[in-house]
Amino acid sequence: MDVQDDVQDLDQDATETARGPVDVLVVGAGFAGLYALHRLRGSGLTVRVLDAPEAPGGTWAANRYPGARCDVQSFDYSFSFDEALQQEWSWSERYAAQGEILDYLRHVVDRFDLARDIESSTRVLSAVFDQLADEWVLTTDRGETHRSRFVVMATGCLSVPRPPDIPGLESFRGRWVHTADWPREGLDLTGLRVGLVGTGSSGVQFATATAGVAGELVVFQRSPNYVLPAQNRPMDPEFERELKARYAEHRALAKQTTRGYPVPAYAGQKPALATPADERQEVFEAIWEHGGPVLTSVFTDLTVDEAANETAAEFVRQKIRDIVTDPVTAELLCPYDHPLGTRRPVLDTGYYPIFNRDDVTLVDVRTAPITEITPAGVRTTDAEYELDVIVFATGYDAMTGALLAMDIRGVDGVSLREEWADGPAAYLGVAMAGFPNLFTVTGPGSPSVLTNMVASIEQHVEWISDLVEHAHATGARRVEAEPADQARWVQHVLDRAEATLLPKANSWWIGANVPGKPRVFMPYVGGYAPYGQVLAEVSRDGYTGFSLTR
């Protein structure tokens, strides 16, 4: 039976629940899905959004754990496409907390009347390309089928949590939770013995928020991260007034950067190794006081030269030693196994000081690995820790997890899972050869997680929308990436990564946190603005690398 038989049978089985076709189906209703809906609908296209959670918000609806907060300044981590929206919304903090970001997205939904085209509590199980109709057929867990000419996967880079994989978990008498699936009703940890497994961004934020609330906090750390200060503070009203008066200028400057937001003017002017040590120290101190995840941008050679990188890494390690009073604990918190910036730097306010508290314990599970979860708590090779609650901050199946969770089949029934068995391959990070009319927002091979995600989302959505509009205007029924151009782009992405230090760490950027996942550096390190120039050239030249079939 070929793929056409599959599609016909699928239609026949689901006749009573088939939904009328639309021009574009969007999967996901976070920042990317909401903007895709607004932008495509504004082009006169019919659009429907399918979203698994019970309400829009994407990762900001799922990550409700204590301390959850953005690591890009709020006035940058927000939409720029509508000036009235920028002017009317006010952020309460420099780095907004989860609840405020979710309120912002709800405001966007209401302001642009997006809810009428969003179907929540609807998980897409499969997407099959109907070659006779040149349409996609999507099936959901509600027993419905949806048809459209185009599909935009706005499924998010960090949307599929990696569950804990430790023997004995089912025997635990207390309660365990994952940071990415925090109870909607909340969880009162006051006075409880809490164990935390995982010290990435979610774990660090949770630990800072929970220390002093829990009766005891035990942090199980395998690999220490470089935790940089956010220097978070309430939004200054005068600063906000000045920013809103020049928001257009600020956004224009952001579009010229590699990160998708401006860095301090003194950053990135010269190499660290060509700078006298005392002057270099002054720059590091200035960026530490400024706050934010931009330490690797202050000199031009920090991401390409290990000796240069070590100057910044040792600066952070010395900060840890200065803050944490117990030298043994301080040394355990110092990263030595990867250069600074080769894992996503963690941003927080107050993490290292919690280890000066008597009710916080750091357990090094590199030297004493966790062997099992017991009815009473967590057992390592050295000891058993009795706990009331275990919190797993074990991360995500990043960038590819949400796409591969669906059964996506393109031309001749080719499976995306099979195509990506050795790692993801996409043209420009937005389309895959053999999967016509299917687009990904901030997919593998795009700058995505190395940038301000909202800026990259807007960049992608606008470019994809323009391509879809172009296809409609020219009567193209299929838009498909060319295999040869895709292969060249994939190689370019790998070459750019290999020219830096970034692939040297076992990070989720290469899938190292998921057992069995191919080790491929997934994001494009070329940067937001240079990547935008590539997109502009492709479209200006008639969408080179794509075949448009009438």
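This report describes selected residues, a pocket and aromatic pairs in a predicted model.

## Basis of the values

The model is predicted, with local features needing pLDDT of at least 70 and side-chain atom pairs counting only at pLDDT 80 or more, while totals for chains, interfaces and linings use all residues. Residues are numbered from 1 along each chain as its sequence is written, and side-chain values use heavy atoms, with hydrogens and water left out.

## Threonine 451

Threonine 451 sits in the loop between β18 (438-440) and α14 (453-474). Helices (H or I, at least four residues) and strands (E, at least two) are DSSP runs numbered from the N terminus. The relative accessible area of threonine 451 is 5%, so the residue is buried. Buried means under 20% relative accessible area, exposed over 50%, and partly exposed in between, with a 1.4 Å probe and protein chains only.

The side chains of threonine 451 and serine 456 make a polar contact of 2.6 Å. Such a contact is a pair of N or O atoms within 3.5 Å; within protein, one must be able to donate a hydrogen and the other to accept it, and residues adjacent in sequence count only if both atoms are side-chain atoms. Leaving aside residues up to four places away in sequence, threonine 451 touches Thr258, Arg259, Ser456 and Tyr528. Contact means heavy atoms within 4.5 Å.

## The second largest pocket

The second largest pocket holds about 870 Å³ of space. Its lining has 31 residues, and those closest to the centre are Thr258, Arg259, Thr296, Ser297 and Thr303. On a 1 Å grid over the protein atoms alone, a pocket is an open set of points with protein on both sides within 12 Å along at least five of seven lines, and lining residues have an atom within 4 Å of a point. Grid points are joined across faces, edges and corners, and the volume is the space filled by probe spheres set on the points.

By type, the lining divides into 14 nonpolar, 13 polar and four charged residues. Ala, Val, Leu, Ile, Met, Phe, Trp, Tyr, Cys and Pro count as nonpolar, Asp, Glu, Lys and Arg as charged, and the others, Gly among them, as polar.

## Aromatic pairs

The whole structure contains 30 aromatic pairs. In one of them, the rings of phenylalanine 79 and tyrosine 104 have centres 6.3 Å apart and planes at 35°, so the pair is tilted. Rings of Phe, Tyr and Trp (its six-membered ring) pair if their centres lie within 6.5 Å; planes under 30 degrees apart count as stacked, over 60 as edge-to-face and the rest as tilted. Phenylalanine 79 lies in the loop between α3 (59-62) and α4 (83-88), and tyrosine 104, 25 residues away, in helix α5 (residues 98-111). Phenylalanine 79 is buried at 1% relative accessible area, and tyrosine 104 is buried at 2%.

Tryptophan 463 and tyrosine 543 form an edge-to-face pair, 5.6 Å centre to centre with 65° between the planes. Tryptophan 463 is in helix α14 and tyrosine 543 in the loop between α16 (528-540) and β20 (546-549), so the pair ties together parts 80 residues apart in sequence.

## Tryptophan 288

Helix α9 (residues 277-290) contains tryptophan 288, which is buried at 10% relative accessibility. Its contacts, not counting residues up to four places away in sequence, are Val227, Leu228, Pro229, Gln231, Phe315, Val316 and Lys319.

Note on methods: On a 1 Å grid over the protein atoms alone, a cavity is a set of points where a 1.4 Å probe fits but cannot get out, and a pocket is an open set with protein on both sides within 12 Å along at least five of seven lines; lining residues have an atom within 4 Å of a point.
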